[in-house]
Amino acid sequence: MIEAMPVLSAGAGLHETLALLTSQLRPDANHKEDMVFLRDVFSERSLTYLMKIHEKLRQYERQSPTPVLHSASSLAEDVAEELQSGPMSVEEKELLHLLTSPHLRALLSVHDIVAQKNFDPVLPPLPDDFDEELEEESVKIVRLVKNKEPLGATIRRDESTGAVIVARIMKGGAADRSGLVHVGDELREVNGISVMHKRPDEISQLLSQSQGSITLKIIPAIKEEDRLKESKVFMRALFDYVPLEDKATPCQEAGLPFKRGDILQVVSQDDATWWQAKRVGDSNLRAGLIPSKQFQERRLTYRHKMGSLPNSKSTKQTAYDQGCDKEDCDCEGYFNGHYIVSSKCKAMVPSCGQVFSWDFYTAGLRRSFRLSRKDRRSSSGEANVSDPTEPELLTYEEVTRYQQRPNERPRLVVLIGSLGARINELKQKVIAENPHRYAVAVPHTTRPRKSHEKEGVEYHFVSKQAFEADAQNNKFIEYGEYKDNQYGTSIEAIRSVQAKNKMCLVDVQPEALHTLRTSEFKPYVIFVKPRIPESRRRRSASSPAAGEHGRITEEDLQEMRQSVQQIEQEYGHLVDHLLIKEDTASACSELRVLLERLERETFWVPVSWVRN
């Protein structure tokens, strides 16, 4: 039975009335089953939601603003004409001036245009009869307005059911910002046309031909995923990536192209194979797909195992192969924009259409002792020879922003250069201009001291036995032999300069970078590259190469080019700044600016340098 209900306030809503009615139901011996049925019906959550929606719609109808008239601009013209028909007071003149001003006339014109249109949302009528399989499922009708921006979502075909499922939502894209489409949602209709049994090319054509607003019928995922918080993981790219050349990507047009050295903000790592990322400084809000570190390393390792990965010490390492092997790749099958592909990577032949889209980057040429490869040694005392069986897999390096703090030791500045760069001259000139702020790491040598030289100024003069002992104990960042004498730069020499709160400048062979890149030194690497003319015949008498090096043969120029190319290919990913040396004066000026910036600005450094 139902007891007498308390009096409700005039503003009580239907859902409040329903809740109160449910609370008044009391079990009755004669109508127990009826009472239980009513209680279950009234307590149904979906019914409560419907009542709330009904109230909101009624409230909107009562409170929605409506225009008093649809021709305000015509009325203003009539009033202005009436005012001008006779003598006017000061107030009437002011009113006439307002009514005839361009800004107010434009405002009234816009008012009329808006007033004559109905901007209330109009949903398409639901079909009279649903499919039997939809009777127990929730249906979501989503209407989106078509523009030139991609939706920012990919869809795939479920192999077991054949359903078209939303595979991923690109962070920052239109779908992500709308919050109306989620991963796992099943797409049933586009503008009232079923896509359940259509071929991939038919779905693609249907979407591409849609104009204006587009209405989707979606079966929401059983458990809608919460919108992910944007990650704060930043990666420095160590390779170039062109999605349109990567056939393993789920959707090429959803890919994010980048160049070696770009800083990427990884916003989602939910997919172990394909991350979502943005380029730092890019104005595009939508994230793009990039291969994950694990996947990129795995396919590079596979290419090396199959013999298709070039030796990074002799040839530029390509970022990815044209395809991937199904036994060594876990790429899932995605609906590439508007084209469904097989879950086996080798079947990914069709190119991506749209992204579920609705139209939706030493001195002279004389070699120093460090350029003698047969004598060069690493800091470990062993020959610095790369093991061809263990290639360096260049993918990503996690980085963070870093700024030198007060009372913190200055960062180490490392200069590397190709043949003809004359970086020792450049370094010494900058230090001579400001010896109180900059200094060099004094090298060790076994050669006899000359009469004008001082211990600890030009060199640390040591015996061969002492030099060899230090080498065995890994005290040098690099060392070698020149004209039967040993030369080397020690780690302690760098520390000695930094202990005086001076910025230490060292010029080393690129191989030493692997030893110096530590949290202790936090090196800033500058690659000094001379401006090399294309050919000797085109070089003018005033060119940098001719002016600084005198007569240079075409063979010398070719050797310089090869030196530049080798350093760029093998060590370019470790370089923080490229200094093109036109002449000594301009190069010194640019170097001074860089050194000053290091002391006051923020730079990207490996995360391990800050955490350790």
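Reply: Helices α4 and α5 cross in the left-handed sense, meaning that the near helix is turned anticlockwise from the far one by less than a right angle (clockwise would be right-handed). Bear in mind that this is a predicted model, where local features need pLDDT of at least 70, side-chain atom pairs count only at pLDDT 80 or more, and totals for chains, interfaces and linings use all residues. Residues are numbered from 1 along each chain as its sequence is written, and side-chain values use heavy atoms, with hydrogens and water left out.

The axes of α4 (residues 72-83) and α5 (residues 90-99) come within 10 Å and cross at roughly 145°. Axes here are lines fitted to C-alpha atoms over the stretch in contact, with angles from 0 to 180 degrees between N-to-C directions. Helices (H or I, at least four residues) and strands (E, at least two) are DSSP runs numbered from the N terminus. On the α4 side, Ala76, Val79, Ala80 and Leu83 make the contact (heavy atoms within 4.5 Å); α5 brings Glu92, Leu95, Leu96 and Leu99. That's seven nonpolar residues, no polar ones and one charged; Ala, Val, Leu, Ile, Met, Phe, Trp, Tyr, Cys and Pro count as nonpolar, Asp, Glu, Lys and Arg as charged, and the others, Gly among them, as polar.

Now the cores: sets of buried Ala, Val, Leu, Ile, Met, Phe, Trp, Tyr and Cys joined through side-chain atoms within 4.5 Å. Buried is under 20% relative accessible area, exposed over 50%, partly exposed in between (1.4 Å probe, protein chains only). The largest core has 28 residues, and those with the most contacts inside it include Leu412, Ile494 and Val506. Helix α15 (554-571) is one of the elements supplying at least two residues; with five, α15 gives the most. Beyond neighbours within four places in sequence, Val506 touches Leu412, Val413, Val414, Leu415, Ala441 and Ile494. A second, separate core has 21 residues, including Tyr524 and Leu595.

Last, strand β4 (residues 186-190): four of its five residues are buried, so β4 is largely enclosed by the rest of the structure. Strands pair if DSSP finds at least two bridges between them. β4 runs antiparallel to β3 (residues 164-169), with two bridges, and pairs antiparallel with β6 (residues 213-219) over four. Glu186 of β4 partners Ile165 and also Ile219 of β6. β5 (residues 193-194) is another antiparallel partner, with two bridges, and Val190 partners Ile193 there. In that β4–β5 hairpin, with two residues between the strands, Asn191 takes a positive phi near 55°.
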